[in-house]
Amino acid sequence: AAPVQVGALDFPTNIYYSLAISGRYAYVGLGNNSGTVTNEFRVVDISNPSSPAQVGTLDVPDDIGYITVSGRYAYITLYNNSGAITNEFRIIDISNPAAPVQVGALDFPTNIPSQTAISGRYAYLGLSSTANEFRIIDVSIAGLIGIAGMAAQALFRVSSTDKLAAEAALESAKKLPEPPPA
């Protein structure tokens with residue numbers, strides 16, 4: 001039998017870039033190439049396939065490359081093909097689908113975050129552009145991702161005399177308390 005469309009939701013002024021599904025919600029990354037509309041992270045209730053309905057939105061500064069959902073968080077990558085604005089990994093709290101809110105971010109100024117995967121307390125990112133890299137980010141305390149992430153990045157960029165200080169900063173970040181259960 002041929003596939004049959006059962007529902008639709010139009011986004012007339014935006015370009016679709018990415019999609020993730022979890023439970024009764026679809027998480028959609030919308031952007032633009034013209035700069036005339038807002039880049040958005042949207043939450044769509046798909047519990048009734050014949051009538052999907054947008055329930056929440058969050059404006060973001062650049063195009064959403066990838067969306068990965070795990071538990072109460074959506075993990076998104078932002079990129080700007082010109083490299084002029086943002087290349088970031090962001091954590092969005094989606095526990096209230098009507099009001100998604102950013103709770104963490106990590107900037108990669110010279111690299112574009114590509115595919116992402118989440119397993120337990122870690123995010124796995126592929127980066128491309130000036131350096132093709134694979135990075136592992138501790139996301140267990142979403143609001144502190146910048147601290148732990150910057151310490152981890154510092155290990156790769158410091159001289160040997162400063163390496164002990166960078167390692168100490170990373171160890172301090174690892175000793176932060178675990179987040180409460182979701």
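Guide: Rings of Phe, Tyr and Trp (for Trp, its six-membered ring) pair if their centres lie within 6.5 Å; planes under 30 degrees apart count as stacked, over 60 as edge-to-face, and the rest as tilted. This is a predicted model, in which local features need pLDDT of at least 70 and side-chain atom pairs count only at pLDDT 80 or more, while totals for chains, interfaces and linings use all residues. Residues are numbered from 1 along each chain as its sequence is written, and side-chain values use heavy atoms, with hydrogens and water left out.

Visitor: Is the aromatic pair of Tyr25 and Tyr27 stacked or tilted?

Guide: The structure holds four aromatic pairs. One of them is Tyr25 with Tyr27, at 6.4 Å centre to centre and 45 degrees between the planes. This pair is tilted.

Visitor: Is the pair of Tyr27 and Phe41 stacked or tilted?

Guide: The ring centres of Tyr27 and Phe41 are 6.0 Å apart. Their planes stand at 15 degrees, so the pair is stacked.

Visitor: How many residues apart are Tyr27 and Phe41?

Guide: Strands (E, at least two residues) and helices (H or I, at least four) are DSSP runs, numbered from the N terminus. Tyr27 belongs to strand 2 and Phe41 to strand 3, so numbered. The pair links distant parts of the chain, and the separation in residues is 14.

Visitor: Which residue forms a salt bridge with Arg24?

Guide: Side chains of opposite charge can pair when their charged atoms come close. A salt bridge is a side-chain nitrogen of Lys or Arg within 4 Å of a carboxyl oxygen of Asp or Glu, and the structure holds five. For Arg24 the closest N and O atoms are 2.5 Å apart, and the partner is Asp45.

Visitor: Is Asp45 buried or exposed?

Guide: Arg24 has a relative accessible area of 44%, so it is partly exposed. Asp45, at 12% relative accessibility, counts as buried.

Visitor: In which strand is Asp138, the salt-bridge partner of Arg121?

Guide: The closest N and O atoms of Arg121 and Asp138 are 2.6 Å apart. The pair links distant parts of the chain, with Arg121 in the loop between strand 9 (111-119) and strand 10 (122-129).

Visitor: Which strands stand at the edges of the open sheet of four strands?

Guide: Two strands pair if DSSP finds at least two bridges between them. The open sheet has the order 5-6-7-8, with antiparallel pairing.

Visitor: How many bridges join strand 7 to strand 8?

Guide: Strand 7 covers residues 88-93 and runs antiparallel to strand 8. Within strand 8, Gln102 is the bridge partner of Ile92. The number of bridges joining the two strands is six.

Visitor: Which residue in the turn between strand 5 and strand 6 has a positive phi?

Guide: Strand 5 and strand 6 pair in the antiparallel sense over seven bridges, and Val69 stands opposite Ala74 in strand 6. The two strands form a hairpin with two residues between them. The turn residue with a positive phi, of about 65 degrees, is Gly71.

Visitor: How many of the seven residues of strand 6 are buried?

Guide: Strand 6 (residues 73-79) is also joined to strand 7 by six antiparallel bridges, and Tyr73 has Asp93 in strand 7 as its bridge partner. Strand 6 is largely enclosed by the rest of the structure, because the number of its residues that are buried is six.

Conventions: Buried means under 20% relative accessible area, exposed over 50%, partly exposed in between (1.4 Å probe, protein chains only).
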